[in-house]
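Open your viewer and keep the selection tool at hand. We will go from stop to stop together.

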Amino acid sequence: MNIEQVGVVGAGQMGSGIAQVCAAAGLQVILFDLNLQALERGVAAISASLQRLVSKDKLSQAELDETLAKVSLSTDLSDLGQADIVIEAASENEQIKQSIFRQLDEVCKPVAILATNTSSISITRLAAVTNRPGQVIGMHFMNPVPMMKLVEVIRALQTDDEVFRAVSTLAERAGKTPVDIKDAPGFVANRILLPMINEGIFCLHEGLASSEEIDTVMKLGMSHPMGPLALADLIGLDTCLSIMEVLYDSFKDPKYRPCPLLVQMVDAGYLGRKSGRGFYHYE
Ligand code: NAD
């Protein structure tokens, strides 16, 4: 399976990062979102990220221009019709993702692979809404995509081995290390990470310590590069809550119950860095 053209659905923090690393690997990228403003924000994030590499002498201006020229923008999903693979990185909501997968199945060429960057949602159920379940797979990049080496390559129950191999090769071409994971709620990364973050939020909720103190404990005590609350702000509190709800609903185990403070902060629109306020304040 030769992959040269990549469609990316969703131009948020993950979609723009995925578009960037694919374009930097020499692939043609079509970035799709619902409206022009979202696409413009996505391209601005890619430009800023590449510009940082130029200022650190890790990239030349010519390479920056070349990478940006490989990314085209669209608000019309049928523009992804010729892509060899589409990587979906829209909001973490199963209804939204199922609707996107149904539409992609209609507009994409029959051999195209449909991948999802979901953090927790069942790939097997997403595969089942298409007429090409063997070509549906999870491709879970980490945040921030240009910096983080890992990609969880998640096989749905239906995924063909050939598709798994093609996606692992694509992850390597994008400079990442793929890890072979079976489909289960939260996969491996978020099965471990999100309960830890949720417990950090419980510590704050119960008044055990301040956000800064909780993060200091985990940074200095456990050598984590970021504390759990700063990391929650980076991920997005809406995304954190969605993942905890998937774990809780899927396993029916109270140990995954989302902290009430997390629920309340999402209700208030305090989503972390992307909204300017979460456990910390941002410019
Ligand atoms: P985000 O909120 O930054 O961006 C989501 C984007 O999806 C927005 O631009 C929005 O306009 C777009 N969108 C919403 N509905 C759409 C639709 N129907 N069609 C096309 N675009 C649509 O979110 P994000 O942090 O980039 O997360 C995207 C996905 O990646 C989620 O599934 C999330 O769980 C997963 N993920 C997130 C992280 C993280 O740390 N944030 C890490 C790994 C995976």
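This is a predicted model: local features need pLDDT of at least 70, side-chain atom pairs count only at pLDDT 80 or more; totals for chains, interfaces and linings use all residues.

Residues are numbered from 1 along each chain as its sequence is written, and side-chain values use heavy atoms, with hydrogens and water left out.

**Stop 1: the ligand**

Now look at polar contacts, here pairs of N or O atoms within 3.5 Å. At Glu-92, a polar side-chain atom sits 2.5 Å from a ligand oxygen. At Asp-33, a side-chain N or O atom is 2.6 Å from an oxygen atom of the ligand. Gln-13 uses its backbone instead: a polar atom there is 3.1 Å from a ligand oxygen. On its own the ligand exposes 830 Å², and the protein buries 87% of that (Shrake-Rupley method, 1.4 Å probe).

Helices here are DSSP runs (H or I) of at least four residues, and strands are runs (E) of at least two.

**Stop 2: the two domains**

Colour domain 1 (5–182) and domain 2 (190–272) separately; these bounds come from an automatic or database domain assignment. Their C-alpha centres lie 26 Å apart. Eight residues of domain 1 are in contact with seven of domain 2, where contact means heavy atoms within 4.5 Å.

The area buried between the domains is about 610 Å², with 52% from carbon and sulfur atoms; buried area is the accessible area (1.4 Å probe) lost on putting two parts together, summed over both. On the domain 1 side, select Glu-92, Ser-119 and Ser-120, which lose the most area to domain 2, together 55% of what that side buries.

**Stop 3: two loops**

Go to the loop between S6 and strand S7 (150–155), where Pro-144 lies. The peptide bond from Asn-143 to Pro-144 is cis, with omega near -5°.

Finish at Phe-187, in the loop between strand S8 (177–182) and helix H7 (189–205). Phe-187 is not a glycine, yet has a positive phi of about 55°.

Definitions and conventions: A polar contact is a pair of N or O atoms within 3.5 Å; within protein, one must be able to donate a hydrogen and the other to accept it, and residues adjacent in sequence count only if both atoms are side-chain atoms.
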